[in-house]
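Dear colleague,

My notes on its chain contacts follow directly after it.

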Protein chains: 4
Amino acid sequence: MIKVGVYGASGYTGLELLKHLLFHPAVAVTAITSRRYAGVPLTDVYPVFQGLTDLTFMNASPAEVARLADVVFLALPHGVSMTVAPAFLAAGKKVIDLSADFRLREVAEYERWYGKHAAPVLLAQAAYGIPELYRETIRKASLVANPGCYPTSVILGLAPLLKAGWIDTASIIVDAKSGVSGAGREPQVASLFCEVNEGFKAYNVGGQHRHIPEMEQELATLAGCEIRISFTPHLLPVNRGILSTIYGSLRPDTTPDELTDLYRRHYQDEPFVRICKPGAFPNISSVCGSNFCDIGVTIDKRTKRVIILSAIDNLIKGAAGQAIQNMNLICGCSEETGLTGISRFP
Amino acid sequence: MIKVGVYGASGYTGLELLKHLLFHPAVAVTAITSRRYAGVPLTDVYPVFQGLTDLTFMNASPAEVARLADVVFLALPHGVSMTVAPAFLAAGKKVIDLSADFRLREVAEYERWYGKHAAPVLLAQAAYGIPELYRETIRKASLVANPGCYPTSVILGLAPLLKAGWIDTASIIVDAKSGVSGAGREPQVASLFCEVNEGFKAYNVGGQHRHIPEMEQELATLAGCEIRISFTPHLLPVNRGILSTIYGSLRPDTTPDELTDLYRRHYQDEPFVRICKPGAFPNISSVCGSNFCDIGVTIDKRTKRVIILSAIDNLIKGAAGQAIQNMNLICGCSEETGLTGISRFP
Amino acid sequence: MIKVGVYGASGYTGLELLKHLLFHPAVAVTAITSRRYAGVPLTDVYPVFQGLTDLTFMNASPAEVARLADVVFLALPHGVSMTVAPAFLAAGKKVIDLSADFRLREVAEYERWYGKHAAPVLLAQAAYGIPELYRETIRKASLVANPGCYPTSVILGLAPLLKAGWIDTASIIVDAKSGVSGAGREPQVASLFCEVNEGFKAYNVGGQHRHIPEMEQELATLAGCEIRISFTPHLLPVNRGILSTIYGSLRPDTTPDELTDLYRRHYQDEPFVRICKPGAFPNISSVCGSNFCDIGVTIDKRTKRVIILSAIDNLIKGAAGQAIQNMNLICGCSEETGLTGISRFP
Amino acid sequence: MIKVGVYGASGYTGLELLKHLLFHPAVAVTAITSRRYAGVPLTDVYPVFQGLTDLTFMNASPAEVARLADVVFLALPHGVSMTVAPAFLAAGKKVIDLSADFRLREVAEYERWYGKHAAPVLLAQAAYGIPELYRETIRKASLVANPGCYPTSVILGLAPLLKAGWIDTASIIVDAKSGVSGAGREPQVASLFCEVNEGFKAYNVGGQHRHIPEMEQELATLAGCEIRISFTPHLLPVNRGILSTIYGSLRPDTTPDELTDLYRRHYQDEPFVRICKPGAFPNISSVCGSNFCDIGVTIDKRTKRVIILSAIDNLIKGAAGQAIQNMNLICGCSEETGLTGISRFP
């Protein structure tokens, strides 16, 4: 059994990690931490676990957790992960970090968007945790930077086109929509039921969202040239799910069927990417509850633009599920282990 | 008092017309028709009207309704309005049609998107009912083609930029999201609660939506040249509201404040268009329940694109409210009469 | 014009008061206060008011507000209203308090459920503000205790039966369900979108809710004897609306039609109470957005119990709307002035 | 492997059965039928299954399905199951019927509430499929009548009290609330998103709901005497979940802790019933997605009534999950096999 700790386990990402880890056949969860809920049984905070576990939140140092676990998930805010990761790595543990702290390769870029970095030397060590892009690197990594939710949907949505050189890299516009769980469980007016329900708005408009450098870093790597995208996130009145609608100018004169073929070939061996048949497009309700990324593509002949729709569950493929996929790679489990959940629809 | 009939009054648009008309100080509703509910009191179909009216649905011919009303709203599907409008016009009545039948000036364009037109001669007579664009024409019109909900949000959102020539007309992409009431009250699986709730999807992807020619017609008129846009509608799990996120390449080197000024000047005398201050953007929850269109604009400096957010209540400014605004113009009422509703938030 | 102040105007109740007061033809809002938002324009906190008002929140003492207003609404938490009401009354102003501070006639009862009372002498002066019960008293009052939201629905639902003596007063069970706006706008985990959406639960189970003494006080007055009820509130995943399902043993051997008649006669002159026809029952969606209370009644012949369904908008008839109804009475306006809103459905 | 057929598999219950059966380690789904979707791949109707199965809907007779399957689930409307069950039983197959057709022991009672019964002789053969009540009978049965969703929540909620004789059997009132999936996937106005969302209403008020005889039959068996309950169902604007709030007069002078103990002892060996600790009560969001029934109990000392809150997922413990629990019993699998799903919250 893999002894697993979750550091900072009381938020929605921690909850989702635990929901999967407790049923993972090769995992024993040996430590969960939370400052706020130190000493409180997990079932008191999340009654969904009633009858399933006796775990209690600890307020423990990295050193204490390192004694209990071989693999540690960090479900902490950015800026905090970088302060605890070094201790785990020094103790020879594997670390899967769900914050933004190790996702950017350039420290300058990190500091432009987030602020001072406390462990810049680790940036070169971290594997960017999209298995569909970096599977072999992840297998050998001690530190995985688990990707952001928006980037996961956008990078998977654009990878085949960029690899094939079929899209004008200066033309990419991403209009993304996310469920509310992406905002976390901190009480704030903007996340109250009455503020969100029956509403819909954009936020971080005008190229302000911190996931932009992460997306551009990976898109540029795929394309082999620098890329600037326009990215506008919106807040959907649903618990979960991201749908990214991606626009770009098509380079070759191709057809929707050829486009679909390109995507099918690109992802033919991937267990968690599903390509919709021509004319069909994903609904977040078909992926929420699962680790799938569903992608539909077509062409607007009138404007010669390609349109890509990419849907994930922001808490699963966009966070906890992908993190476990990475753990499976690191630990030599089959990549799908513990990730067989199917959509919750209806 | 203006004697008003609503032809085809039992759907959500009819309901919204009646909710406003029954409280309009200059209006007496004299006839409401419905085949399905002929003989049924309005309060039986919509208990919201209990205690407020004794109106009963009639199954009446245009001739019968023409005897009872001087202004007639047609809340019928496209293809049906064109068969009843001529009778009302021949009887000297004013007609405000909420279908698509008289929105396109070119009969060929109508027939390309919708099918055979039964009254093409009326197309030249119809005023396109966006008061902010065609106020004086509407005042003198006998037949008003009330705009589509998506086009209202998009045309109002782009008019200042196109008039000023500040946007590359080949670069426009519209990513629009609408509440479910836009799909009407016909029972169909796709509109069931469980199919929509906790879901989100695009539809008519790839330049398939019938509102495209209507938008392009009006955008071209504003710009003085042909325009092709990319338009992708999405279904939001809310009852009401449209948010259109519009992208385009900016021509001059300007600032978000100058952009906001342009919009403020353009709409300074308009009672129903509100421009957000720089850095603020609309939420559908701030317009739903009202006839307002709220618009926020900014610039993505990294990509030199302008981003426009335009929000309306699809049933009010996108349908019934704008229709009454047009009726007020035709009948010489102050344009705001009966349209003082404020947002329902929360 | 009546000069009106709203003391503590930044929550959902304050918002709803202002949405109605700004359109009330006999009212000028002269002062709105908020500590948190002192100096902030109302439109910055609630963009729904954009273009409609220049009001700015003040951090003002009761004395300052008393100089500006003749009628003051207190939209404050319980325990706070009692500390400011005396100053307004001493200045000869009319006070409509939306907290619980002046609803209970017995100070001991107040202190049992809420804690120490700072102005017990005012309890005898306060009129309990359900116009359908105390219209004439309210007209002459200087201090109105605006009822709780649950009590409004329950008291209006039971009044005809209790007055007629048709119900066993020991048998009353109230199962009530409320939308989330009843919990206010304070950020707390329990009110977050993800905690409420797709959920449903009871709270304050076992006779714990503070609205119980208020209901029992008024039900006892109606019945002419002491009453103990079982009351269980539940949290509905909607923004607004209360539906109370009320059960009791029927005394006479009567029919649903006779029962409906009893209710119709009882409320025949009431502008804001609507009785459903036999076999029909209210939906909160038919009252939300309006000041109506919709009531449906029937008999379960198998168990000889009466079942009463009573629906209101918790922010309107359950708070701000009823407060304005009371203001209209106090100020000699027609009771319906400014309260003509119709349900927002859909 | 158990060869399993699902007869009438295209509705929400069929969908939920398939979501569980396809992952059940001892099951091979060999036939799914649907008249409407005959010849259509399952993934076309429900894209959630993309990549997981090649099943296609058949329009097949019971005889044809009987050749393919050893256990058959009937997910058909009442009145239809009774016409196909005999053929399966005659062929020696095991039948688990999710309709109401075999739930009532008395044919007269069935015909009073539902209409003519076509196979009354089978009523005596059918096991009522609540394993917590009839585990041993179910193991040996060929025909299981899978209980209604409301009855499951109510019977499990009342069983310990009735067995112990702690509740006045004449005093029971059930106020139940269900999500919309309970209404099925047939298109009808009342199930449209806009009709349900932001609404809440009771239906079948006054002892009209067809689940009443089923509940009374089982409650009477538990109590050893006839029982008449008052039952009022309500429609919650959520996809899934039932919460039943149950009231009754308490016989002994006991405490909430003793009450909780009674429940804990009663259900101590049950894998799918969880008793909340004293003072805690279930939320549907903690059971939805799982086969659990969560129960909380307390006493209203002021009125000497017991209040029981019982929550299930109407599609799982209230339908498909319980059906599979029954299949596991019949087939000798461990009762929890294939039912390890945990709540979907958030």
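Which residue of chain B does the side chain of A:Glu216 meet in a salt bridge? In this predicted model, the partner is B:Arg302, with a distance of 2.5 Å from N to O. The contact between chain A and chain B holds four salt bridges by count. Polar contacts across this interface amount to 28 residue pairs, both residues of each pair being at pLDDT 80 or more. On the side of chain A that touches chain B, strand 7 (residues 173–178) of chain A gives the most, with four residues. That side of chain A comprises 24 nonpolar, 13 polar and 11 charged residues.

As to extent, 48 residues from chain A and 48 residues from chain B take part in the contact. The two chains bury about 3,800 Å² between them, and carbon and sulfur atoms give 56% of this area. A:Glu198, A:Phe200 and A:Arg302 supply 19% of the area that chain A buries against chain B, more than any other three residues.

I also examined how chain A relates to chain D. Chain A is superposed on chain D by a rotation of 180 degrees with 0.0 Å of shift along its axis, at an RMSD of 0.0 Å. This is therefore the relation of a two-fold axis. A:Arg344 is the residue of chain A that comes closest to the rotation axis, its C-alpha lying at 3.7 Å. Both copies use the same surface, as 100% of the contact residues of chain A recur in chain D.

With kind regards

Key
Residues are numbered from 1 along each chain as its sequence is written. Chains are lettered from A and ligands numbered from 1 in the order in which they are written. This is a predicted model: local features need pLDDT of at least 70, side-chain atom pairs count only at pLDDT 80 or more; totals for chains, interfaces and linings use all residues. Side-chain values use heavy atoms; hydrogens and water are left out. Contact means heavy atoms within 4.5 Å. Buried area is the accessible area (1.4 Å probe) that two parts lose on being put together, summed over both. A polar contact is a pair of N or O atoms within 3.5 Å; within protein, one must be able to donate a hydrogen and the other to accept it, and residues adjacent in sequence count only if both atoms are side-chain atoms. Helices (H or I, at least four residues) and strands (E, at least two) are DSSP runs, numbered from the N terminus. Ala, Val, Leu, Ile, Met, Phe, Trp, Tyr, Cys and Pro count as nonpolar, Asp, Glu, Lys and Arg as charged, and the others, Gly among them, as polar. Copies are superposed by least squares on the C-alpha atoms of residues with pLDDT of at least 70 in both.
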